Amino acid sequence: MTTDPDDALRWEGDEPDARDAPANKAPSAAPQDPTSAALARDAEQSLRRADGATAPAGAATTSADVVDEPAATGNAALVFYGIIGGVYLLFAVGWIVGGFRLRPRASLLLVDWMYFPWMWLAALASVLWFAAAWVLTRGKATWIRIVALIAGVALLVPWPFVMFGTVGS
């Protein structure tokens, strides 16, 4: 037992920087599997590259070594996507409510079998716009997706709901 007070706060193998410290363990006497040795060597090389060290002079960089990871979406963008998704959902509800309120006025010009398919298509337009903007701007800059979503909000305002609302017809 030691009298060092800091010894009580340490665990076995708890070094400040285990990668830079010399190996304390002796190599095992059992032969290693060649694939596991190659995987360990690749992992060590990728750790060195992550630290900023260069690859050994004899090592060739392949396309498998370089992995393009997509940029993470920021918190502000995620909040914006949630809010704008809610707006599109409210627009769909607005088109449905407004369309049913507009039906008595539209029946003067159109019969029901002509009116209802277009009303439901108008209600689905906001959902389809959101999905299309999301899919078509995949891999593009975030601002392009935001502009496409804001353009949809400006174009898909549920006018029957805005003009007649939910009060009487």
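**Rings, a charge and a helix**

Modeller: Start with the rings: pairs between them link Phe80, Tyr81, Tyr88, Phe130 and Trp134 into a cluster. Bear in mind that this is a predicted model.

Biologist: How many aromatic pairs are there by the rule used here?

Modeller: Rings of Phe, Tyr and Trp pair if their centres lie within 6.5 Å. By this rule, the count of aromatic pairs is seven.

Biologist: Are the rings of tyrosine 115 and phenylalanine 116 stacked, tilted or edge-to-face?

Modeller: A ring pair is described by the distance of the centres and the angle of the planes. The centres of tyrosine 115 and phenylalanine 116 are 5.8 Å apart, and their planes stand at 70 degrees. Planes over 60 degrees apart count as edge-to-face. The pair is therefore edge-to-face.

Biologist: Is tyrosine 115 buried or exposed?

Modeller: The cut-off for buried is under 20% relative accessible area. Tyrosine 115 has 11%, so it counts as buried. Phenylalanine 116, at 21%, is partly exposed. For tyrosine 115 the class is buried.

Biologist: Over the face of which residue does arginine 145 lie?

Modeller: Arginine 145 touches Tyr81, Ala133, Trp134, Thr137 and Arg138, leaving out residues up to four places away in sequence. One of these contacts places the arginine over a ring face, at 4.0 Å from the ring centre. The residue is tryptophan 134.

Biologist: With which side chain does the side chain of arginine 145 make a polar contact?

Modeller: Arginine 145 is in helix α4, residues 142-155. Its relative accessibility is 12%, so it counts as buried. Its side chain has a polar contact at 2.9 Å. The partner is the side chain of threonine 137.

Biologist: Where is threonine 137?

Modeller: Threonine 137 is buried, with 8% relative accessible area. Not counting residues up to four places away, threonine 137 touches Ile144, Arg145 and Ala148. Its place is in the loop between α3 (112-136) and α4.

Biologist: What span is expected for α4 at 1.5 Å a residue?

Modeller: The helix α4 has 14 residues. From its first C-alpha to its last, α4 reaches 20 Å. That is close to the expected value, 20 Å.

Biologist: Why are the buried residues of α4 said to be on the same side?

Modeller: The buried residues of α4 are Arg145, Leu149 and Gly152. They lie on the same side of α4 because they cover an arc of only 55 degrees around the axis. On the other side, the exposed residues are Trp143, Ala154 and Leu155.

Biologist: Against which helices do the buried residues of α4 pack?

Modeller: Arg145 is one of the buried residues of α4. The packing partners of this buried set are α2 and α3.

Biologist: What separates the C-alpha atoms of valine 87 and valine 153?

Modeller: Valine 87 lies in helix α2, residues 75-106. Valine 87 is partly exposed, at 25% relative accessible area. Along the chain, valine 87 and valine 153 are 66 residues apart. Their C-alpha atoms are separated by 7.8 Å.

Biologist: How many helices and strands does the chain have?

Modeller: From the N terminus, the elements run α-α-α-α-α. Buried residues make up 15% of the 169 residues. The total is five helices and zero strands.

Definitions and conventions. Residues numbered from 1 in each chain as written. Predicted model: local features only at pLDDT ≥ 70, side-chain atom pairs only at ≥ 80, totals over all residues. Heavy atoms only, no water. Helix = DSSP H or I, 4+ residues; strand = E, 2+ residues; numbered from the N terminus. Buried < 20%, exposed > 50% of the residue type's maximum accessible area, 1.4 Å probe, protein only. Polar contact = N/O pair within 3.5 Å; in protein donor to acceptor, adjacent residues only side chain to side chain. Contact = heavy atoms within 4.5 Å. Phe/Tyr/Trp six-rings, centres within 6.5 Å; stacked < 30°, edge-to-face > 60°. Lys NZ or Arg CZ within 6 Å of the ring centre and 35° of its normal. Expected span 1.5 Å × (residues − 1). Arc of directions from axis to C-beta.
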